[in-house]
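Please look over the model below alongside these notes.

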Amino acid sequence: MKFGKELASQMVPEWQEAYMNYGSMKSLLKEIHLFKQRNRPAPHRPHGLKRNATLYRAFSGLTHMVHHSPRNHSPPDIENQVILVNEFGDSAETTFLNVHDEGGEYELVYFKRLDDEFNKVLKFYKEKMKEVVDEAGALNKQMEALVAFRVKVEHPEGWTNSVEETRQLASDVAASRAELFATAPSAVRASKRVPMDVKDEESSRSGGLSDESSHGDCKENKEMKRISTSSQIQEDTQNGARAKRPAPLEILQYVKFNTPQGTPRSTIKGFLNIPNQTDLKFSKDNLRKAEAQLKKAFVEFYNKLRLLKSYSFLNILAFSKIMKKYDKTASRNASKLYMKMVDNSYLGSSDEVNKLMERVEVIFIKHFTNSNRSKGINILRPKTKREKHRVTFSMGFLVGCTFALIIALILIIRTRKILDKEGKVLYMETMFPLYSLFGFIVLHLVLYAGNIYFWRRYRVNYSFIFGFKQGTELGYNEILLVGFCISVLALACVLANLDMEMNPVTKEYKAITELLPLGLVGLLVVIMLCPFNIIYRSSRFFLLVSLFHCLFSPLYKVTLPDFLLADQISSQAEALRSFEFYICYYGWGDYKHRLNSCGDSDIFNTFSYIIAALPFWWRFLQCLRRLYDEGDIMQGYNGLKYFSIIVAVSTRTAYTLSRANSWKIVAWITSIGATIVSTYWDIVFDWGLFQRNSKNRFLRDKLLVPHISVYYAAVVLNVLLRLAWMQTVLNFKIFSLHTQMMIALVAILEIVRRCIWNFFRLENEHLNNVGKFRAFNSVPLPFNYDEDEDKDE
């Protein structure tokens, strides 16, 4: 693999604009190469060698050796005569000395662009390092509070009463801090914080970070600092005076619990203007919650350090590669001097990331995995998920079974002439809605798998956007496996139903035959709620949590997976109505004789429209919650969009019940208005298209799909398929199909539209993350310090 492609595949997607632009620099070298090729004098071919290619190559090599022989006035080492690299702390500037050479202006532009790329990389790296150093200080304070809290919970009596134990504790803390300070990264010392370290809980109850200041890096100053710090703390402890820093357990007097953001409790407190901090309650349940939050914070922090380390390594390698190409293209010898500057810069010489990573590993293994190193490292460094051959094989097998069952079903219907029998209408009105539920689910899963495939192909970081835990996200193969497994079970039930109904021997067991779809639904529900670690438990629970947040939308902070799931459900209106039909058919209908009165019930019809409007109501509440949390007026406008859809569905329900012409006119007006607003919002706000002054006409500047026609086709399809939604509201007929078939066709078109919308919606979200260099999720911390609260105020 070429280095350019390898670099693109390994870079952090959200930071891609902060990396060295290897492709642009390579293009400049191509221009230099073409210029030299055009202006290079043609070699003289001596008479008698023109027809002999081998001798001619030998002669050319000989003339090349003579041209570069010591008799030439140019010395063999011209490094210092090519460039001069000047460092100015936060930037570098290269002076090209041979600008008067032929083509020198091209090389001058090359080094100017190279300096710009290096300064950009260096500036970004320093900014991110400052952020992680500050975060290390915050995690330091959190660990101190956690360890003290753990001691208080496990030893509620005894630690604060023993003077001898307190004295020994303070002495050990001072020695540990001083020893850690001697090997701390320079940036952390400069910020008056020492990075995370770990002490034995029985001998030191401190979390591991210290804020002792440093006034120099020389050995004598550090030694004096160790001695003075240790003696001062011991003296203060013996005299009973409180040191400047609170003692390991005294720190609990300055700490409160942070109420988890986005929960019903924090929502109510925020609405009533009650502070989201509570006093400490020393219970094992609170300890477990604090440990879980801080554990997650450490894992996310370690991931930041790993990405920063990779960022530094890849950029240094890119500069090395491009300078070697320059030497080869321009016949220079400048790479050594330039790379010496890169290696001596903060980007190449800083070892702070490695030291912080080591200390995070020590803390995490000690405090969160009970000194089990392999377990701790596996959590901090989750392995990249690999495609399994058995998954691919099983998926392919189920695909084959699905098509075989479909062919078998068609043959049975044709050979037994089921469509010509009297029970056809009754079957379409009862069994078809029951089994169509599985068809809608399978279609959505298959198209979602297609979304994942194209997200990966065009490097949309969907796992980060959704917030999936690394190593647990499902690939398109797993999604297809689940989808086709459901399709095989559903088609098998359909065939079994038809066969048992047509067979005179099994016809008497009609009651059992009618229960097959209900049994399959029950099986899927049991699998979804299964607590055991089988059948993708983490993904199932992630889906259930998002669904729970949708049901109680105003009480939970809205995340992207929550409102995306509500959008998916809004396109599954017929699936929700199928669930309603299940309840009516098996609850109040005579399923043993395939009889029901659901379609003739006004209550059932009314609830069918109410259920179809529920997802839009959830989205409306989610928009209001985001408007309250973020203060973004656009969320209010988005809420009005969903409210217009709710009004359209409500007027359609009123027209259905009354059949009055006035309600028909109102339903038409509200439906057309909601369709226009929703279509415009999809294209302009959700997809980010139709931007003014865009270099791509009617689109946006940045496009991940290289074929621009795809975007125009998606816009046209979205407009056309929106008309399918109008059919669900206005109930107009285009084809002379059975009512249930028409409903299923419209539902299929809406699912297809939603999955097209999914791809471009996440593409736009990914580009927004790239523009803001947003590659990490913020993790709430369990403890709040009084001094932090004062600073915030």
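1. Where pLDDT is low, predicted coordinates should not be read in detail.

2. **Confidence along the chain.** Mean pLDDT for the chain is 79. Of its residues, 76% reach 70 or more. The lowest confidence falls in helix 3 (residues 53–67), with a mean of 37. The highest falls in helix 19 (residues 516–529), at 94.

3. **Helix 9 against helix 12.** Helix 9 spans residues 284–330, and helix 12 spans residues 352–368. They pack at about 155°, and their axes are 10 Å apart. Why call the two roughly antiparallel? The angle is over 145 degrees, so helix 9 counts as roughly antiparallel to helix 12. Their crossing is left-handed.

4. Helix 9 contributes residues including Leu294, Phe298, Phe301, Tyr302 and Leu305. Charged side chains of helix 9 take part too, among them Glu291, Lys295 and Arg306. From helix 12 come, among others, Val353, Leu356, Met357, Ile363 and Phe364. Asn354 and Glu361 of helix 12 also belong to the contact. By class, the contact holds 14 nonpolar, 1 polar and 5 charged residues.

5. **Helix 21 against helix 23.** Here helix 21 (residues 560–570) meets helix 23 (residues 602–630) at about 155°. The axes lie 8 Å apart. The pair is therefore roughly antiparallel, again with an angle over 145 degrees. The crossing of helix 21 and helix 23 is left-handed.

6. **Residues of the helix 21 contact.** Helix 21 supplies Asp562, Phe563, Ala566, Asp567, Ile569 and Ser570. Helix 23 answers with Pro615, Phe616, Trp618, Arg619, Gln622 and Arg626. The residues divide into 6 nonpolar, 2 polar and 4 charged.

7. **Leu551.** This residue is found in helix 20 (residues 537–551). Is Leu551 buried, partly exposed or exposed? Its relative accessible area is 43%, so Leu551 is partly exposed. Leu551 and Trp617 are 66 residues apart along the chain. Their C-alpha atoms are separated by 9.9 Å.

How values were computed: Residues numbered from 1 in each chain as written. Predicted model: local features only at pLDDT ≥ 70, side-chain atom pairs only at ≥ 80, totals over all residues. Heavy atoms only, no water. Axes fitted to C-alpha atoms, helices over the stretch in contact; angles between N-to-C directions. Helix = DSSP H or I, 4+ residues; strand = E, 2+ residues; numbered from the N terminus. Parallel < 35°, antiparallel > 145°, perpendicular 65-115°, else oblique. Left-handed = near helix turned anticlockwise from the far one by under 90°. Contact = heavy atoms within 4.5 Å. pLDDT = per-residue confidence, 0-100. Buried < 20%, exposed > 50% of the residue type's maximum accessible area, 1.4 Å probe, protein only.
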